[in-house]
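Dear colleague,

Please find below the structure I am handing over to you, with its sequence.

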Amino acid sequence: MNRWRLALAGLLAAAIGLTVALVVRGSGDAGDVPEGGSSFGAAPAARPHPGTTLLDALAGVLADTGPATQRRTAARPADGSRRATRPAALPAAIPDATARLFLVGFGGTTAQAPLLRSLALHDWAGYVLERDNGRTAGQVAELVGTLRGAARQAHGREPLVAAVTPGGFNAVPGVGPPAEITARSDRQAREQAAAAAQTLRSLGISMVFGPSADLAIAGGPWAARGFSDDPSTVATRTAAAVAGWKGGGVAPVVGHYPGEGGASADPSVKQATVGTGLQELANHDVLAFAESLADTPAVQLSAATYVAFDGVTPATLLPDAVSLLRHQGFRGVIVSGDLAAASLATGQPVSEMAVEALKAGCDLLWIPGDAADQDAAWRAVVRAVRSGEVPRTRVAAALRRVAALRKAYGVR
């Protein structure tokens, strides 16, 4: 059995390595899958690349690696042309539909008038609670109840309410799980997550930014917070924690793809780069996500830059990173990294980061607590959809995934 598991792990690592290489090098007209190669800052004429499609290039690698990575390509006419399609129908007018793509943060421990005005104007997808939003469990419950009640009154819908928890930086004081590193077994990781999920769900929280699948590499930002520096251990422990969160009725968002354990700093605090090469990234960081991707409802991309890709563009803006994640078998919601952090890394405004992240394939756009940035980003996305820079099909696909998550976790 041990020999079989080692052989399977070796085959999986080899497949992921080839997949990363092909995605980073890959290109062509990939249909609904974002095109390989970063398009950030490039002129439209510079973006197309000749060659076979990314799906075609990966077909031989992914065909026999198990249910989680199997792919189906859309049928095409015999002449190879694409069938004409009708414009995608959105569930609401463009301003409202695009607002449903945003997760937003805010300051303080109560719902102040500016926050409530923003809530009334925008049918945001949800709100993310961070450490500064929580003082006690009772106070968090009151805050969440106010947000949910005001959203129902303004828009007839409840928002997703997420809490930041990975690595012990919890939005709700006294509510675990503690730092991932304290889980010494898969069972303990599952039990810790399940217990925390029951508490958070009782407070009205429906989603959690965690667990982290980032490797606890010495000197890296997750050294004292991650499950382990061993990819196989992280993979099974992350999958166990995902099962615990789901069992408690809270949607886990596994982060931070494709892995930021080896980053030069914490990307949420300052500009950070992951300097590992292509093969090492595939055999270590990416492999740590493999066990959880088939079951987790959401994955968050990293705001770090990666030498294995282009070295200058945060992963959350890279079609390559999204393509790699999708080709590993993930079919759920992709949450962007912190777009304010991405803005610091690129020197471009948050509004531009939102458009680029959506174009890259992110389904939910995460912007922490600057209301001006959030409003500017929403306006930029509205303009991009109206102009056709962001296809309506991209918005419609994102909203379908988000709607499925909402339904699965009882958010009406």
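In this predicted model, eight strands form an open sheet with parallel pairing, in the order S9-S7-S5-S4-S3-S2-S1-S10. The edges are held by strand S9 (333–335) and strand S10 (365–367); each has a single partner strand, so one side of each is left without a neighbour in the sheet. On average, neighbouring strands of this sheet are turned by 25° against each other, direction ignored.

Within the sheet, strand S2 (residues 126–129) pairs with strand S3 (residues 160–164) in the parallel sense, over four bridges. In one of these strands, S3, Ala162 is the bridge partner of Val128. Helix H5 (residues 137–155) packs on the sheet and touches both S2 and S3; the direction of helix H5 makes about 165° with that of S2.

Turning to the nonpolar cores, the largest has 91 residues, of which Phe102, Leu129, Ile205, Leu339 and Leu365 touch the most other members. Helix H12 (residues 371–387) contributes the largest share of this core, seven residues.

Which residues are in contact with Ile205, leaving aside its neighbours within four places in sequence? They are Leu129, Val140, Val144, Val161, Ala162, Ala163, Val172, Leu200 and Val250.

Another core, of 19 residues, lies apart from the largest one; Leu103, Val164, Val335 and Val402 are among its members.

With kind regards

Technical notes:
Residues numbered from 1 in each chain as written. Predicted model: local features only at pLDDT ≥ 70, side-chain atom pairs only at ≥ 80, totals over all residues. Heavy atoms only, no water. Pairing = 2+ DSSP bridges. Helix = DSSP H or I, 4+ residues; strand = E, 2+ residues; numbered from the N terminus. Axes fitted to C-alpha atoms, helices over the stretch in contact; angles between N-to-C directions. Contact = heavy atoms within 4.5 Å. Core = buried A, V, L, I, M, F, W, Y, C linked by side-chain atoms within 4.5 Å. Buried < 20%, exposed > 50% of the residue type's maximum accessible area, 1.4 Å probe, protein only.
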